[in-house]
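Visitor: Could you walk me through how to read this structure, feature by feature?
Guide: Gladly; here it is.

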Amino acid sequence: MSSGHEKKFKPDQMEYYDRDELVQIDYRRVPEKGWMDEPADIRHGNFIYPANPQKLEYIGFPNARHWSPLEKDWKLPSNWKEIVLQGIRERLDKYRSFKVFMDICVRCGACADKCHFYIGGGDPKNMPVLRAELLRSIYRNDFTTAGKLLGKMVGARPLTIDVIKEWFLYFYQCTECRRCSVFCPYGIDTAEITMMARELLNLLGININWIIQPVADCYRTGNHLGIQPHGLKDTLEFFTEDIEEATGVKVDVPMNKKGADILFVTPSGDFLAEPGIYTCMGYMAIFHELGLNYTWSTYASEGGNFGFFTSADMMKALNSKIYAEAKRLGVKWILGGECGHMWRVLHQYMDTMNGPADFLEVPVSPITGTRFEHARSTKMIHIVEFLADAIKHGKLKLDPTRNDGRRVTFHDSCNPARGMGMLEEPRYVLKNVCNNFFEMPSNTIREQTFCCGGGAGLGTEENMEVRLRGGMPRGNAVRHVQEKHDVNVLAACCAIDRATLTNVCDYWAPGVKVSGISELVANALVMKGEKAREIDFRKEPMRPEELVRPEEPEAAKDPKHAKEAAHV
Amino acid sequence: MGILAAFLAVTALFLAALVGIDGLGLRWVFGAAIPYAAAALFVGGFVAKVLGWARSPVPFRIPTTCGQQKSLPWIKQAKIENPSTTLGVIIRMAFEVLAFRSLFRNTKAEIRDGKLSYLSNKWLWGIALAFHYAFLVIVLRHMRLFLEPIPGFVLAISKVDGFLQFPVPAFYTTTLVFLGAVTFLFARRVFSPQLRYISLLNDYFPLFLLLGIGASGFWLRHVEKIDVSAAKEMMMSLLVLSPKPAQALGAVFYAHLFFVSTLLAYFPFSKLMHMAGVFLSPTRNLTANSREVRHVNPWNKPVHVHTYEEYEDEFRERMRDAGLPLEKES
């Protein structure tokens with residue numbers, strides 16, 4: 001695709017793609033042939049490798065086999081058509097959302113340029129309306145009278161192998177972010193349609209390893225990364241050393257502790273990848289400072305739920321560990337870390353699937369006494385809700401000037417924004433721990449926030465082109481505040497964001513680093529017995545502005561900087 | 001292709017009525033049999049469709065939250081955009097149905113010099129709203145042909161609607177708005193390449209049909225200036241199930257009626273069912289209080305899970321070595 005770049009780099013590397021070429025998009029240019037006659041163009045950079053058959057067999061998913069999306073023969077079971085049509089029938093009977101959304105779209109097009117993949121790529125099949133039509137056309141053909149009689153004229157087409165290939169490409173180019181559903185006059189939610197399509201593909205053994213491997217690992221070890229119990233203990237203990245190095249305070253790591261008041265569950269991305277691990281250290285430092293009687297669990301060591309990206313049943317199976325572990329350990333309630341789709345599952349699905357959690361108590365903050373009535377059935381609250389309450393009651397001693405070198409903006413993660421509505425809590429917390437907070441443009445935050453481009457199990461490297469394109473709207477907004485306000489930190493309360501927005505920023509807004517909220521809170525947190533805070537958890541200077549200011553002549557000229565310097 | 005097919009289909013309907021009335025004198029077919037059949041299809045199809053949707057459960061509580069959740073008492077909740085009460089949902093739905101709230105958010109994305117910007121784009125919202133309300137007023141105005149005595153509100157609507165008082169009989173503003181709006185909705189499908197790409201026969205056909213209805217109605221009132229009392233007599237006869245197709249009314253009147261019959265018959269089997277569907281959309285019509293009140297899934301069934309016991313059995317040795325507490329020592 002990119003002239004000079006392609007020789008040195010591979011399609012799974014960012015550098016392969018030229019930024020200026022990538023934004024050469026003309027939305028008005030559409031293929032000459034109708035979309036039904038345009039076969040899926042599957043090539044390196046735009047698809048994700050199929051699942052390892054052993055992992056599929058482990059979780060009992062059907063039709064495990066070796067196959068390649070680039071080959072002509074996908075080795076489908078002989079009765080594949082029957083399987084798909086029966087699958088559609090069953091899902092129409094199980095989900096009103098699916099049935100209604102198949103029937104009522106008027107193709108007004110309001111959703112079209114709301115999808116980050118369409119905005120950043122210009123491929124019409126990434127318009128949510130057309131993505132849905134990929135499945136709707138089969139529904140019409142086999143489940144409606146008009147479709148049976150009039151066929152292609154009314155947007156119906158028979159189910160063929162090419163349709164399956166198209167589904168594989170485009171339903172794995174949807175991050176289930178639900179931005180389109182905000183703008184749809186009927187609330188048609190492409191996430192629902194993508195979920196159905198992925199369930200159907202799973203029936204044929206068509207899935208991606210980036211999702212299936214974490215699912216299988218989570219099923220066995222309790223977390224997506226396959227970290228075994230002793231490994232998790234080592235990891236967290238290693239974090240305590242880093243925390244001690246930065247703060248001088250030794251925190252403890254309560255694990256699988258019966259009799260704790262609170263079970264803490266976070267996405268396992270926080271255990272392994274930078275910058276997630278700093279968020280994790282943040283949780284540990286905060287819990288220590290507050291003296292919480294809490295525990296980690298090795299069995300329920302995953303808040304995220306990649307099962308959500310395969311099927312409702314697998315989502316339920318993986319999620320069941322949280323309540324089961326809370327019951328086994330005898331905790332009172334559950335606290336959840338910073339994660340996106342994790343919170344969609346916890347907020348909108350967990351209680352329904354695995355509740356009622358009548359063995360738990362309504363969450364009450366032991367620090368402030370606040371009773372979290374809004375979670376009185378599910379008995380699980382978000383750490384940012386918990387922190388906002390603690391800060392409001394003045395229970396955290398904070399020195400926000402420590403974050404003065406960090407000029408922060410906040411990325412609302414799709415699911416906490418559109419599947420929950422946690423919009424003010426993170427802003428309240430951030431504004432209390434950072435003096436320099438700037439919002440991105442209003443069309444790109446809160447319920448209109450843009451996906452990182454890697455949600456719903458797409459945050460890997462082999463689909464790099466798709467991710468960079470999908471990350472373009474977010475990257476563009478970050479660059480806007482970077483240019484306008486010198487923003488250098490993008491805060492996000494999602495593990496996938498912390499991983500994938502790092503690439504998005506490196507590509508679209510180089511110089512901006514991604515950080516979790518709890519990391520920034522822990523930076524500002526004044527701990528009992530701490531030493532002078534010279535470094536943060538990243539082992540970088542806590543106040544980099546003091547180190548660089550003398551060498552920066554323009555800093556003194558710019559009134560904005562001058563004010564800040566005076567403030568420090 | 002969809003455009004042409006839709007145009008030809010509507011033209012064929014018109015010609016069928018002309019030939020049927022002027023050539024073959026099939027007043028009973030076009031003036032009684034078809035309207036009855038269409039009404040039956042409309043009611044039966046509509047009810048069947050809605051019941052069909054209602055038969056499928058709503059397993060999960062999945063509202064799209066478009067504002068601040070209810071959480072801490074000092075954080076102001078967006079009670080309509082993220083409703084936690086039934087009243088909130090009713091208001092949210094009212095905004096959606098009566099004011100097209102979601103469509104009001106519409107923006108247009110544009111890339112200029114490598115930078116993405118979002119332009120305000122309220123055209124679709126404004127014109128869609130104009131179209132639907134004009135259509136509603138037109139339907140209400142027509143009640144004068146179905147009700148005796150004519151209810152006061154129908155007379156009032158007609159009076160306001162005809163405020164232009166020009167020519168005689170007065171132009172109804174809604175007729176003009178209706179025709180203009182439908183033309184716009186058609187034009188955007190034709191002139192926007194993206195929209196043309198996604199548009200189907202099913203999108204063009206209702207637009208042509210509505211244009212046909214509007215144009216023939218306009219013709220009847222302002223050009224042909226038909227005998228309204230004859231039309232009313234005929235409609236009342238249909239209502240009391242003793243149809244008397246009017247001999248005094250010409251082919252265009254029957255074509256108008258045929259168009260409307262087609263619309264009614266087509267309605268339940270088409271995207272026009274968004275009228276009912278919007279009320280059943282689970283992303284809009286549910287309270288967003290899923291952590292506060294448990295939502296029950298009727299088909300929730302046990303799934304195979306990996307239990308803690310199985311987990312500990314696999315990792316017991318390593319857990320013991322790491323000093324992690326165990327349920328069973330061996």
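Visitor: How far apart do the C-alpha centres of domain 2 of chain A and domain 3 of chain A lie?

Guide: First, a word on the ground rules. This is a predicted model, in which local features need pLDDT of at least 70 and side-chain atom pairs count only at pLDDT 80 or more, while totals for chains, interfaces and linings use all residues. Residues are numbered from 1 along each chain as its sequence is written, and chains are lettered from A and ligands numbered from 1 in the order in which they are written. Domain bounds come from an automatic or database domain assignment. In chain A they give domain 1 (19–207), domain 2 (220–392) and domain 3 (400–556). The C-alpha centres of domain 2 of chain A and domain 3 of chain A are 22 Å apart.

Visitor: How many residues does the contact take from domain 2 of chain A and from domain 3 of chain A?

Guide: Two residues are in contact if their C-beta atoms, placed from the backbone, lie within 7 Å. Here domain 2 of chain A supplies 38 residues and domain 3 of chain A supplies 42 residues. On the domain 2 side, H14(A) gives the largest share, nine residues. Helices are DSSP runs of H or I with at least four residues, strands are E runs of at least two, and both are numbered from the N terminus.

Visitor: How do the residues on that side of domain 2 of chain A divide into nonpolar, polar and charged?

Guide: Ala, Val, Leu, Ile, Met, Phe, Trp, Tyr, Cys and Pro count as nonpolar, Asp, Glu, Lys and Arg as charged, and the others, Gly among them, as polar. The side of domain 2 of chain A that touches domain 3 of chain A has 20 nonpolar, twelve polar and six charged residues.

Visitor: And how many residues does the contact between the chains take from each?

Guide: Chain A contributes 93 residues and chain B contributes 80 residues. Helix H15 (residues 312–329) of chain A gives the most to chain A's side, with seven residues. That side of chain A divides into 43 nonpolar, 23 polar and 27 charged residues.

Visitor: What share of chain A counts as buried?

Guide: A residue is buried if 20 or more other C-beta atoms lie within 10 Å of its own, exposed if 12 or fewer, and partly exposed in between, with C-beta atoms placed from the backbone. By that test, 61% of the 568 residues of chain A are buried. Helix H10 (residues 190–203) of chain A has 14 residues, and 13 of them are buried. After H10(A) comes A:Gly205, with a positive phi near 75°.

Visitor: Which residues touch the most other members of the largest nonpolar core?

Guide: In soluble globular proteins, nonpolar side chains tend to be buried together. A nonpolar core is a set of buried Ala, Val, Leu, Ile, Met, Phe, Trp, Tyr and Cys residues joined through C-beta atoms within 7 Å. In the largest, of 202 residues, those touching the most other members are A:Val215, A:Ile262, A:Met281, A:Ile334, A:Leu430 and A:Val521. A second, separate core of 39 residues includes B:Phe178 and B:Leu201.

Visitor: Is B:Asp203 buried or exposed?

Guide: B:Asp203 counts as buried because it has 24 C-beta neighbours inside 10 Å. B:Asp203 sits in helix H9 (residues 201–223) of chain B. Not counting residues up to four places away in sequence, B:Asp203 touches A:Arg107 and B:Arg189.

Notes. Expected span 1.5 Å × (residues − 1).
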